Amino acid sequence: MFRSSSRRAVLLAIPAVLATTAVAAGLFSRDLPSDLDLVLKKPTSAGLYIAAIAPDRQPVTVGRMNAWTVTLTDANGTPVNRAAIAIDGGMPQHGHGLPTAPAVTKSLGRGRFLIEGMKFNMPGWWEIDLAIDGPAGADTVTFNVVL
């Protein structure tokens, strides 16, 4: 009896698993938004700063650690040399964050900051979110990257 009940439970669960997998596959394979902004230099949300990001090595490689440089100026274009920058992000279509905890490891001068520990574990659309706390106040910016 136990054996028959277990087999029945497994057989009944198969359609649910298949349906869940199909829904997940549909979410993951959605097309990119047609208006996806892929610029890597832009004003922050409140316009306090202008931020730019650039990978230190091209092409950006999936599955390995990458370093990026953030260049930060005030709204007038003057380099911001002292700022706390927190990095976050993830894959909007997959609903998960970055697989690592990237961080600013040094100030390079002239408003440039080195981010190390950035890893992308699969190709697709990634968001890179920066939270900036500098002389003009706190502000945020999000960059979209497609690998």
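Q: Among contacts in the chain between residues at least 6 apart in sequence, what share joins residues at least 24 apart?
A: This is a predicted model, where local features need pLDDT of at least 70, side-chain atom pairs count only at pLDDT 80 or more, and totals for chains, interfaces and linings use all residues. Residues are numbered from 1 along each chain as its sequence is written, and side-chain values use heavy atoms, with hydrogens and water left out. A contact means heavy atoms within 4.5 Å. Of the contacts in the chain between residues at least 6 apart, those joining residues at least 24 apart make up 59%.

Q: How many helices and strands does the chain have?
A: Both are DSSP runs, numbered from the N terminus: helices are H or I with at least four residues, strands E with at least two. From the N terminus on, the order is α-β-β-β-β-β-β-β-β-β. The count is 1 helix and 9 strands.

Q: Is L98 buried or exposed?
A: L98 is found in the loop between β5 (96–97) and β6 (103–109). Buried means under 20% relative accessible area, exposed over 50%, partly exposed in between (1.4 Å probe, protein chains only). L98 has a relative accessible area of 14%, so L98 is buried.

Q: Which residues does L98 touch, not counting residues up to four places away in sequence?
A: One of them is M118, 20 residues along the chain from L98, with 8.0 Å between their C-alpha atoms.

Q: What is the relative accessible area of P33?
A: P33 lies in the loop between α1 (2–28) and β1 (41–43). P33 is partly exposed, with a value of 33%.
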